[in-house]
Amino acid sequence: MAGIFISYRREDAAGWAGRLVPDLRREFPGGDVFHDITSLGIGEDALEVIRQALESYSVVIVMIGPHWLDARDEHGQRRLDDPDDWVRLEVEESLKRRGLRVVPLLVGTATMPKAAQLPETLRPLARRVAHEISDKRWDYDVGELVKALKKSGLGGGGPKPDPEPPVVRPSEWLPGRVFRDGDGLPEMVVIPAGEFVMGSPESEAGRSADEGPQHKVSIGKAFALGRYAVTVGDFKRFVQASGYRSEAERNPDEGIWAWDAAEGHWGQSEGRSWRDPGLAQDDRHPVVGVSWNDALAYVKWLGKNTGKPYRLPSEAEWEYAARAGTTTAYPWGDDPGSGRGNFSGSGSDWSGKGTGPVGSFAPNGFGLYDMIGNALEWTQDCWNESYSGAPGDGSPWLKGDCGRRVVRGGSWLDGPGGARAACRNWVGPGGRDNGLGFRLARTL
């Protein structure tokens, strides 16, 4: 069966694309959904891969977000006016091919561009009938898209076999490789071995004393980290399969701690849990309201069911992965900027209001999403007031105050200082609030 090729601009619609792909894969399991982040191997000629792919694909979805038309490069030039622009090349190649159905897909309040706004080679796109997907009506809108694609002949008839999970051999643990250990399980990214300087310099704005002294850490072996934080949908599958009840559910009189926007402070919310953390969430949001103990229960279940060594990341692994080779306060520089992540004052749609869907912002240099902002993330480590005596090999620091566990990354409510790559905090193992979740690690 022919499949679906998805074209999108990462800084414009990465989150939407990341959300749509698994939905389409569930609906069309007998075919393929080409998503360039996961489908391109290291060292491959991207344009050649696209050309070859289009030979056998029957549908191209062009995801058009709010900045698709007017996105600019570092020189202020509109990207679509550059003949070598990646998105332009994808769409041009698609429009050249007879019999290929090209579907403009409007997301994030985008409107359909007019022909006069497009380079001449892209103007035929303006004549194509567009489909719109909104966040509030996601399931319905995707359902209508699927119906239209099936009506056009995509999908064929007969039974649809479940897709085989990818088989990845140890010799194929190439940096940046994205894989799953089974259908429907979280996507993992191979993080390369390497060295970095952990902590922050004394000159960094917002720095705390517990972020020093700076010290070199050597990660001697590649490991894998969740491409996204564990989502509500991920955690829901675990609960349904295992019958697990979170600590908040077992102690409804305690519930979780939640931010009261009207009162402007944290407070204990009886009866709340990961199922209803007091925020508007769907299955693509990071699960919050889970304790360190809840996170370990998920990790244990996943390891037992896959036979793979899943765990929480060490604090050093987390910072190494978040920095992705950078030395600045944030993976993108020393300025928090606007629209780079979801934290208070970040300028995102969810800033100071709640979590956003995972993958709503551009990934860092290792291909990881939302390492900064959206939800704080548990690590394995016990709390220590400084890095004096900290391990230098990236292993978890299991000495110190183990009645407090390190959390990293900042949440939707933390300000820019709390969302820096070096910022660290702690929560008791049984603590849970609606800004705190976790991300998986896996030994390779």
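**Close-up views of a predicted model**

**Figure 1. Cys382 is buried, with a relative accessible area of 1%.** The model shown here and in the views below is predicted. Cys382 is joined to Cys402 by a disulfide, with 2.0 Å from S to S. A disulfide is a covalent bond between the sulfur atoms of two cysteines. The torsion about the S-S bond of Cys382 and Cys402 is about 90°, so this disulfide is right-handed. The pair links distant parts of the chain, 20 residues apart. Cys382 sits in strand S14 (residues 376-383), and Cys402 in strand S15 (residues 401-408). Cys402 counts as partly exposed, at 30% relative accessibility, whereas Cys382 is buried.

**Figure 2. Cys423 has its closest cysteine sulfur in Cys382.** How many disulfides does a search of the whole structure find? The search finds one. Cys423 has its sulfur 19 Å from that of Cys382, which is too far for a bond. A disulfide needs the two sulfur atoms within 2.5 Å. Cys423 counts as buried, with a relative accessibility of 16%.

**Figure 3. The second largest pocket holds about 1,200 Å³ of space.** Its lining is made of 41 residues. Which of them lie nearest the centre of the pocket? They are Gly339, Ser348, Trp350, Ser360 and Phe361. By class, the lining of this pocket has 17 nonpolar residues, 14 polar ones and ten charged ones.

**Figure 4. The largest cavity has a volume of about 80 Å³.** The structure holds three cavities of 30 Å³ or more. Among the residues that line the largest cavity are Met198, His215, Val217, Glu315 and Ala316. The lining also includes Asp381, Tyr387, Ala390, Pro391, Ser395 and Trp397. Strand S9 (215-219) and helix H9 (315-323) are the elements that give two or more residues to this lining. Seven of the lining residues are nonpolar, two are polar and two are charged.

**Figure 5. Helix H6 spans residues 232-242 and has buried residues.** Which residues of H6 are buried? They are Val232, Gly233, Asp234, Phe235, Phe238 and Val239. Helix H8 (292-306) is part of what covers them. After H6 comes Gly243, with a positive phi near 75°.

**Figure 6. Ala258 lies in strand S11 (residues 256-260).** Is Ala258 buried or exposed? Ala258 counts as buried, at 7% relative accessibility. Leaving out residues up to four places away in sequence, Ala258 touches His265, Trp266, Gly267, Ser269, Pro277 and Asn434. Asn434 is 176 residues from Ala258 along the chain, but their C-alpha atoms are separated by 5.4 Å.

**Figure 7. Pro22 lies in helix H1 (residues 10-27).** Pro22 counts as buried, with 16% relative accessibility. Val33 is eleven residues from Pro22 in sequence. In space the two are 8.8 Å apart, C-alpha to C-alpha.

**Figure 8. The backbone at Pro213, Ala324 and Asn374.** Most residues other than glycine have a negative phi, and most peptide bonds are trans. What kind of peptide bond joins Gly212 and Pro213? The bond is cis, with omega about -5°. Pro213 is in the loop between strand S8 (194-198) and S9. Ala324 has a positive phi, near 50°. Asn374 also has a positive phi, near 75°. Ala324 is found in the loop between H9 and S14, and Asn374 has its place in the loop between H9 and S14 too. Ala324 is buried, with a relative accessible area of 15%. Asn374 is buried as well, with 3%.

**Figure 9. The protein chain as a whole has nine helices and 18 strands.** Its C-alpha trace spans about 65 × 50 × 50 Å along the principal axes. The radius of gyration of the chain is 22 Å, which agrees with the value near 22 Å for a compact globule of 444 residues. Buried residues make up 53% of the chain. Of the contacts with a separation of 6 or more, 72% are between residues 24 or more positions apart.

Definitions and conventions. Residues numbered from 1 in each chain as written. Predicted model: local features only at pLDDT ≥ 70, side-chain atom pairs only at ≥ 80, totals over all residues. Heavy atoms only, no water. 1 Å grid on protein atoms, 1.4 Å probe; cavity = no way out; pocket = protein on both sides within 12 Å on 5 of 7 lines; lining within 4 Å. Points joined across faces, edges and corners; volume = space filled by probe spheres on them. Nonpolar A, V, L, I, M, F, W, Y, C, P; charged D, E, K, R; others polar. Helix = DSSP H or I, 4+ residues; strand = E, 2+ residues; numbered from the N terminus. Buried < 20%, exposed > 50% of the residue type's maximum accessible area, 1.4 Å probe, protein only. Contact = heavy atoms within 4.5 Å. Rg over C-alpha atoms; globule rule 2.2 N^0.38 Å.
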